[in-house]
Every structure is written in structure tokens, then in C-alpha cells.
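Dear colleague,

Please find below the structure that I am handing over to you. My notes on it follow directly after it.

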Amino acid sequence: MIELKNVSKYYTNNGVVTLGLRNINLKLNQGEIVAITGDSGSGKSTLLNVITAVDTYEEGEIYFEGNETSYFNQNDMDTFRKNYVSFIFQNYNIIDSYTVLENVMLPLLLAGKNHEEARKEAKEIIDKVGLSKRIKHKGTKLSGGEKQRCVIARALASDSMILACDEPTGNLDSQTGEEIIRLIQEVAKDKLVLIVTHNYNQVSSIATRRIKIADGEVVEDIHLQEQQEVEENNTMSLEERKVKKSTYLKLALQNVLSTPKKTIFSITVFMVISFITLILFLMMLERSYETYSDANHNYNLQAEDRMIVYRMDHQALDEEILNKVKYDEIYYNAFYEETKLTIACDPQGNYPISLDVCFSEHKIKNKLIQGTMPQNENEYYLVIPEQYKNGYYFDFLSILQKNIGIKKYHKYEYEIIGKITGIGWSKDVEYSYLISYGEISSDVKQLVIQSMQKNSYCVLEDGPSLEMSFVASNRNAIVLPKKYEGKEVEVHHYLNSIYEYTLDFDFEYNEEYVRPYLFYDEENPILPELNSVYEAVLYTKNVKEAKAFLEKQGYNVSVPMDQKVKASVINLAILYLFLALAIMALVCLYFISYVILSRVYASKNKDYGVLRSLGMVKKQLGRIVILEVLATGFIASILSFIVFVIVYNTTTDIFTMGDFMNFGIVLLYFVIMLIFSYFIAKRFNRRLYKFSVNTTMKGEVARND
Ligand code: ADP
Ligand code: MG
């Protein structure tokens, strides 16, 4: 059946060549039980490994059923073992984390049987070796003898022609050893059984032939008994039997579930990675969410045809000059259009909703969501920024047709100004705008100015400028900390940095106040008379032309749209920078997590080695390893995602996840995590094959690497 002709093997370690086998000539037949004996280090295991295609050889030829095998590549060797060889080793090569049943089912599954068939057959075989009572026990829970029975059961399940045993009783007491030897004989039937042992006595009762090795050479070859006549056939099949697709998934899941501690550790590592990925995602998305107008928050309305005119010295504008420009619309004292006020919807209701808005008389280009344009005075139309239209913490539609009031500055009272008749969205606005039916009422203007008064500060002579807080009171007074008593103090008032005006206040000094306060008479607030124009908004189709003309007159002209464009370019650059950083971070994470996870997976090397020894070829084992890592990564990604959503939604109350995470982005996250796991799995898989099957199987990789 097997013939070795002048087979020699050398080991090369760090340039040092040692002899493994020299000039071996042997003919081994089916039905033989061959005892291979010799001193420790004589080459017994090496011979067994070479015969059974575990290891390669350098010289000579080996024929299997008359077919030469020296051309075998790694895959051929794996397949050859699967089809023809079963192993019994001293250190019980079962998968410890699997149950007896799962271990015995393995060769049946690898032979292409489905789970049910494999289970049924495995049970019968386990019965034959007397392990039925232990069928659900994991490998770790078995005694040495029971493990060896399990291995023998698995060999029976493989139904291979060659049974290769390397010191099968080496770790057993003599009585158990004898039982195992007898069991081997029982299952031997017409197989070729090779038993490597340094204790010949134990196998003498069953051996039909004795081969003695010394220094890699056969020094004795005795036929002890007449061997059974077995028909020879001259075929060798290296066909890979197809393993069921579902088997890969089941084995991968079995691996994940049977090693809970390792799995939990791997999941934790993956979770950290997923979490960092999610945070990177969020940072990028928040970045892209702030689309524009970081440049100047005062310019909230960024329509193409809009420009703002003012003077650097805070003096009034000359209306005649403004009127010389070709304009479609002109809007005097335009800070009404740029100042945010808090409005409350349904101020009489129990739960008023408040919202920051600007007021405008201009018909901002917008798309209608619901309602109609205002038809009467005291009616308003609300234009919200585009990015709010899909989900915001606030339900805009709920305020339709409800009364709205303006919150009085520094008071928890509202002055009702009308109701909202329609809602639309626009790309041009940074804040929500309330568009009035006609000209904004003087009451509203008054409230705007009142609200702007807070832009006040006092300047200490030769000293710093101090911001002042406003306190509603029944008198006008500036209250300063006592240490400023006797010092010259100037008080400046601005309306939105545009118009500067002076006020008469009494000065008071008080130890109690840490910071300056400005009391103002709430009944008669001193407001500036705005008879002149300090800021104007022009709507014109000739923005460039008008700008050039007005600048020639010494006016400052701002075109908010230009700032929007500039801001979006800056944002885009930042976004790409973030993207690059995120990719770099993921690459770093990949290496860090690989180092950590490779420790975990190295400890599984023995299990993978067992699968290989059962004849799983590289591609097949690769599928299992990859599925296993993918499953772990996937579970971790889901867990991370859930934790992330919970943490995010409990710590921020303004934005909900929906603003950032749509289906596509969630999908992208999972795809990235799967690709990430896939690369890690690929790397493990490659590493598994850096070592030969016998070193991985014996679990030596974990220690050596
Ligand atoms: P036995 O099984 O008879 O105790 P082995 O077949 O394991 O002996 O080893 C035979 C000889 O080959 C020994 O000298 C051993 O040191 C050497 N050897 C075995 N495996 C390797 C290896 N992977 N690299 C280098 N030398 C090896
Ligand atoms: Mg040995």
C-alpha cells in the first residue's frame, strides 16, 4: 500500500542541518499493525510524519497505492490526510473546547455530511468506544483515557485506511494504556496501523510487525504474525470532498461559543475599536453638519442677492448715496434682520415652545412645507434652515396657527405679536426667520432694540473694559465693585456693534457685586431714537457693481454669501483632514488590535491545527477562521452601536441620533467594521500557515510566537 524508496529527511534550523531520516526503504501493507520503536530522538515520529504526509522529505520517493507522492503541495498533503489518515497522539489531539460529540462529528462534517447525519453516526461510533456517558462533556472535562477514546472514535468516524499513532499511551497509566491498545486493535480491521512507541511491551500483544529505528535508519524489521490478506487497489484520490456551506458557519459559531472567555475578550477589543470608529464618524458628521456661517454669526441670511452696508466709524449712512445704487429692495436699519429674538409659541399654553428667530420683511426664497404666506398684519411665515427640515428636536409644524409672543428682555413674560400661518425651508438662512406680512411693526422693532441693548460694556480709564449684566429695575444705575470707586469710568452702548449711543446713569459701588451690573428702568427703558440709518441691507442683482460703488464712497460692504462659500470651502478642507486622520487612526487601531487579538487566537492554534490534521485545506480552514473573526467583530459592532446610541441620546438633548445617523451611515459603519475584521482574520489565517501542521497542532505556536 505504501512504499518508501531511499527516503531521507533533513532538518535545517538556523543554517544547521541535522539528519531526520536516512535511506529508508519500507513496504507497508493494509492489515498490518506496525510497531515503530527506538530510543528517544531516533526518528520515530519523523518517520511517521513523513509517511502520513504531515511532513515533507528531501530525498527518495514515496508511493501510495503505486502513485508517486513527491510532487505533493501543501493542499495535496492536507487532502491526502483527510482522505487516508487518522491520528492518535500522546497529547490527545482533540479540540478541548468541543464536546465529545462535536469532536467526533468533525470528520463526518468535513466529509460533506450534514449536521443531522453527522450527529447520528457520531453517536453510534461513540457508543462503540464506550464513551456514551460522556457524550456532552467538553474535552477539558475528560480523563486522559477518555480523551484517547474520543480520538479513536474520531478516527473511526474518518474511516481512513491509515491509523497513525504517536505514543498513544505515553501519558496514560499502564492499565488505561492497555485498554486503549486493545481498542486500537478492535478498530484496526483492515487498516494499516502505525504505532510509534518507546515501550514495545505495551503493543507486543497486537503488533504484526516491528520496525526499530536508530539515528534515522531502520535497523530492524521483523514480521511477527501472518498478516491478513487484503486486496490491493491502485487508486489514490486527492479529490476534495465538498464541505457543506452551513458547516462552515456552524463550526465558526461553535468556535465562538465554545470558548466564551476568549470570545468575550475579543469582543471587548473589537468593541473598543467600534466605539472609536463611531466617535470618529460622529466627529466627521458633526463637522459636515455645520455647513456654513461659522465665519460670521451676525449674517444669518445668505441669499445671493443680499449685501449689508455699514460704516466702520459707527456713523449714520447717507441715504442719498444708498439710493444711487441699483437695487431691487432696500432695507434700512437692517439689524432688525440680523438680530435673534426668542419667541414663544402659544405663550398662554402650559408648555410654551421657545425658538430663536430673526425678523424680516423680505420674501426669502423658500420651499413650502405647510401653510400659506401671511395675508394680514400680525401674521408671519417661518422659514427654517434647510438642515432642520429633516428632524430636529423641535416640531415646527406644531406651531402653525398658534399665537406667538416675544420674550421680553430679562423677563419671563411674552408680548403676543401674532401667529404663524406657514412654514418653509431655505438654503439661505442660518437661523429661522419670521417673515412679516408688511413692514415689521414698531412694537417688534422696539423689542429688537431692547434686546440688543445687552451689547453694553464700560471702559475703565487706563484699564480694561468690563462687560455688564443687565438687571431690570425701577431706576437707571450702574453698579460697580467697590474697588473701582473714584476711578474714571466711561460707559459705551452699542446696538449690535453698529450704533453707539450714550446714556445717563448714576454710579453706585457695592462690595457685594463681583461684576458690574447695569440696572435699567423697566417702565421707561432709555432707548435710542433711530432716525438715521446705520446699517442697510440691499437686495440687488448687481452685487459686484453695487459693492464697488459703495466701497468707493468709503462704506463697508459685506456679502454674506461670499462668507458662506468661504466657510464651506474651509469646512470641506477640515472634513477631508478629518477623514485622513480617521483613516490613519483606523490603520493604527488595526495594528494594535491585531497584536492584542493575535495573542487570543494564538491560543486557539492547537484547535485550528486539529482541524488541519483532519485534512481541512487552507481555503476551508481560512473560511472558518474568517467567519469566526467576522462573527466576533459583528457582535461587537452591534453591541457598540447600541451602547453608543444609548450614551449619545442620554447625554445630549438637543440633537437626536437621527440628525447624523441615517440608514446609509449605519450601513457604512457596519461595512467598515466587517472589512476591519476581515483584514484581521486574513492576517491570522496567513500566520496559521507559517507553521507546519504538527507544530500548530501541538499548540507550540502559542509558545514560540
Ligand atoms: P523520536 O520521535 O524518535 O523521539 P523525532 O523523530 O521526534 O524522534 O526526532 C528525530 C531527530 O530529529 C531528533 O534528533 C530531533 O531533534 C530532530 N528533529 C525533530 N523535529 C525537528 C525539527 N522540527 N527541527 C529540527 N530537528 C528536529
Ligand atoms: Mg517522538
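Which element gives the most residues to the shell around ligand 1? Helix H1 does, with 3 residues.

Before the details, a word on conventions. The model is a predicted one, in which local features need pLDDT of at least 70 and side-chain atom pairs count only at pLDDT 80 or more, while totals for chains, interfaces and linings use all residues. Residues are numbered from 1 along each chain as its sequence is written, chains are lettered from A and ligands numbered from 1 in the order in which they are written, and side-chain values use heavy atoms, with hydrogens and water left out.

The ligand site

The shell around ligand 1 consists of Tyr-11, Asn-13, Thr-18, Asp-39, Ser-40, Gly-41, Ser-42, Gly-43, Lys-44, Ser-45 and Thr-46; a residue belongs to such a shell if one of its heavy atoms lies within 4 Å of the molecule. By class, these residues divide into 1 nonpolar, 8 polar and 2 charged. In this scheme Ala, Val, Leu, Ile, Met, Phe, Trp, Tyr, Cys and Pro count as nonpolar, Asp, Glu, Lys and Arg as charged, and the others, Gly among them, as polar. Strand E1 (2-13) and helix H1 (44-51) each supply at least two residues of the shell. Helices (H or I, at least four residues) and strands (E, at least two) are DSSP runs, numbered from the N terminus.

Backbone atoms of the protein approach oxygen atoms of the ligand at several points. A polar backbone atom of Gly-41 is 2.7 Å from an oxygen atom of ligand 1, and for Lys-44 the corresponding distance is 2.9 Å. At Ser-42, a backbone N or O atom lies 3.2 Å from a ligand oxygen. Ligand 1 taken alone exposes 560 Å², of which the protein buries 61%; accessible areas come from the Shrake-Rupley method with a 1.4 Å probe, and for residues only the protein chains shown count as cover.

The nonpolar core

The largest nonpolar core has 88 residues, and Val-104, Ile-184 and Ile-680 touch the most other members. Such a core is a set of buried Ala, Val, Leu, Ile, Met, Phe, Trp, Tyr and Cys residues joined through side-chain atoms within 4.5 Å. Buried means under 20% relative accessible area, exposed over 50%, and partly exposed in between (1.4 Å probe, protein chains only). Helix H17 (residues 663-688) makes the largest contribution to this core, 10 residues. In soluble globular proteins, nonpolar side chains tend to be buried together.

Strands E1 and E2

Asn-6 is found in strand E1 and has a positive phi, near 50°, in a residue other than glycine. Asn-23, in strand E2 (residues 16-28), likewise has a positive phi of about 50° although it is not a glycine. Asn-6 counts as partly exposed because its relative accessibility is 42%, and Asn-23 counts as partly exposed at 44%. Ile-24, also in strand E2, counts as buried at 0% relative accessibility.

Is Ser-593 buried or exposed? Ser-593, in helix H14 (residues 560-602), is buried, because its relative accessibility is 2%. Ser-593 and Val-272 are 321 residues apart in sequence and 9.3 Å apart in space, C-alpha to C-alpha. Leu-579 is in helix H14 too and, at 36% relative accessibility, counts as partly exposed. Leu-579 is 295 residues from Met-284 in sequence and 7.2 Å from it in space, C-alpha to C-alpha.

Two further sites

Asn-300 sits in the loop between helix H9 (260-289) and strand E11 (306-310) and is buried, with a relative accessible area of 0%. Its C-alpha atom is 4.8 Å from that of Glu-430, 130 residues away in sequence. Lys-445, in helix H12 (residues 442-452), is buried as well, with a relative accessible area of 17%. The side chains of Lys-445 and Glu-439 are joined by a polar contact of 3.4 Å (a pair of N or O atoms within 3.5 Å; within protein, one must be able to donate a hydrogen and the other to accept it, and residues adjacent in sequence count only if both atoms are side-chain atoms).

With kind regards
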